[in-house]
Amino acid sequence: MSAVLKLDGLAKSFPVGKRLLGAPRGLVHAVQPVDLVVAQGETLGIVGESGCGKSTLARMLVGLLPPSEGTIEINGAPLDNADPAEFGKKIQYVFQDPISSLNPRKTIRQVMEAPLKRLHGLDRAQREKRISEIFASVNLREEFLDRYPHEFSGGQAQRIGIARALAAEAKILILDEPVSALDVSVQAQVLNLLADLKAKLGLTYLFISHDLAVVEAVSDRVAVLYFGSVVEVGRAEDIFRAPRHPYTQLLARSAPVVGRALSAPEGKETELPDPLNPPAGCAFKARCPRATEECGQRVPKLEGDAAHRVACFHPLEG
Ligand SMILES: Nc1ncnc2c1ncn2[C@@H]1O[C@H](COP(=O)(O)OP(=O)(O)OP(=O)(O)O)[C@@H](O)[C@H]1O
C-alpha cells in the first residue's frame, strides 16, 4: 500500500474562557492525537456523532486550522502550515454547503479562475481551456460560468464545489458531508460523479459524514471517531458488519436505514462527555455496556493488525 496521506499524532485543542491577561480557563481537546494512513486511490470514511471532532480534523487537513501537535505528510513530505498555496495544490476541501462557502458577489467563472491564477499561474487562454475541461468533467454547462452562486440548485452547487476543488489539481479531496444537504435522488448523482472522478483522475478521498449508509457505500476503509479520538479503523465491511468497538456497534445498530442520520445511540447515557472536563480512562465508558473498572483507569490505545484496529479493553469478537 503506498501511503499518500499520513497523519502522525495530529491533535487540536482550543483555549476557552480566555481572559484579557493570563492563561485561558481551560482547553477543549477537539481532536486527540490521531495517527492514520490513507493509501493512494482509497476512500477513507470518517464517521462520528456531532461534536466528535470531524470538522476540526478536516480543517486541519486543508490548512484552515493549524494543528496543536503532530504532522501531516503527503507522499512522504510534511506539509508546511506556513505555505497555504502548497497545501492547496495537494489537498482540497469540498464543503457540505458550497453556496455559503462561495463569495456571493463573484461569478462562478471568477471562483474557478482564482485557484488557476493563484496556484498555477495560468494565463487567460489556459484558464479558459482548463475551466471548460473541468466543467465538462463534472457535467456542468459552460453558460453557468457567468452566473452567481445563489442561482443554483443544491446538486448543481455541489458540482460547482467539486469543480472548484478540481481546479487546484490536488489529488486528495476532503469531502465534508458532501451530500448531506441534498435530496436522496441528487445524492446518488453526486456520489456517482465522485466515484467517476476518482477513477478517472486517480484521486484519494477522505469522506466525512454522519450518515452511516452513505459512508458504507462509498468507503474502502472507515475510521470511527469518538470524543476526538479514533476508536476503531478497518475495512468498511468489517466496521459495519463485524464491529469490534462497542461504540461502533451502537452506531451501526442505531442507523440501519439508508439515508438515516446517525443519532445518538442508546446506551446507559446518551451525552458525550464534557470536553472541558474529560473523564479519566476511556471516554466511552459511561455509555458502554461492557465497561469495567479498568476502563476508568487508563485510556485504551488503538491496537490490532494493520487491517483492523480498535481502542478498547473489552472489544467484541467482530
Ligand atoms: N473554535 C472552537 N473553540 C472551542 N471549541 C471548539 C471550537 N471548534 C470546535 N470546538 C469543540 O471541539 C469539539 C469538536 O468539534 P467539531 O466541530 O470538530 O465536531 P464535529 O464532529 O465536526 O461536529 P458537527 O458534526 O456538529 O460539525 C466540540 O466539543 C466543539 O465544541
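**Helix H1.** I began with H1, the helix at residues 54-61, in this predicted model, and found that 6 of its 8 residues are buried, so H1 is largely enclosed by the rest of the structure. I took a residue as buried if 20 or more other C-beta atoms lie within 10 Å of its own, as exposed if 12 or fewer do, and as partly exposed in between, with C-beta atoms placed from the backbone. The buried residues of H1 are Lys54, Thr56, Leu57, Ala58, Met60 and Leu61. Helices (H or I, at least four residues) and strands (E, at least two) are DSSP runs, numbered from the N terminus. Just after H1, I noted that glycine 63 takes a positive phi of about 80 degrees.

**Ground rules.** I number residues from 1 along each chain as its sequence is written. Since the model is predicted, I kept local features at pLDDT of at least 70 and side-chain atom pairs at pLDDT 80 or more, while totals for chains, interfaces and linings use all residues.

**Ligand shell.** I then listed the 13 residues around the ligand, of which Phe14, Ala30, Ser50, Ser55 and Thr56 come nearest; a residue counts as near a molecule or strand if its C-beta atom, placed from the backbone, lies within 6 Å of it. Two or more residues of the shell come from each of strand S1 (3-16), strand S2 (26-39) and H1, and the largest share, 3 residues, is that of H1. By class, I recorded 6 nonpolar, 6 polar and 1 charged residues in the shell, with Ala, Val, Leu, Ile, Met, Phe, Trp, Tyr, Cys and Pro counted as nonpolar, Asp, Glu, Lys and Arg as charged, and the others, Gly among them, as polar.

Glutamate 49 sits in the loop between strand S3 (43-47) and H1, and I count glutamate 49 as buried because it has 20 C-beta neighbours inside 10 Å. From glutamate 49 to glutamine 96 I read 47 residues in sequence and 16 Å in space, C-alpha to C-alpha.

**Positive phi.** Asparagine 75, in the loop between strand S4 (69-74) and strand S5 (77-78), has a positive phi of about 45 degrees, and is partly exposed, with 13 other C-beta atoms within 10 Å. Asparagine 139, in the loop between helix H5 (124-137) and H6, has a phi near 55 degrees, and with 12 C-beta neighbours inside 10 Å counts as exposed.

**Helix pairs.** The axes of H6 (residues 154-167) and H7 (residues 184-201) come within 10 Å and cross at roughly 20 degrees, which makes H6 roughly parallel to H7. For H4 (residues 108-118) and H5, the axes also come within 10 Å, and cross at roughly 125 degrees, which makes H4 oblique to H5. Axes here are lines fitted to C-alpha atoms, for helices over the stretch in contact, with angles from 0 to 180 degrees between N-to-C directions; under 35 degrees counts as roughly parallel, over 145 as roughly antiparallel, 65 to 115 as roughly perpendicular and the rest as oblique.

**Record.** Finally, I checked UniProt, where an unreviewed entry lists residues 5-252 as "domain: ABC transporter". Over residues 5-252 I have 39% helix and 27% strand, with the end C-alpha atoms 27 Å apart.

Key: UniProt positions renumbered as here; feature names shortened; annotations may be inferred.
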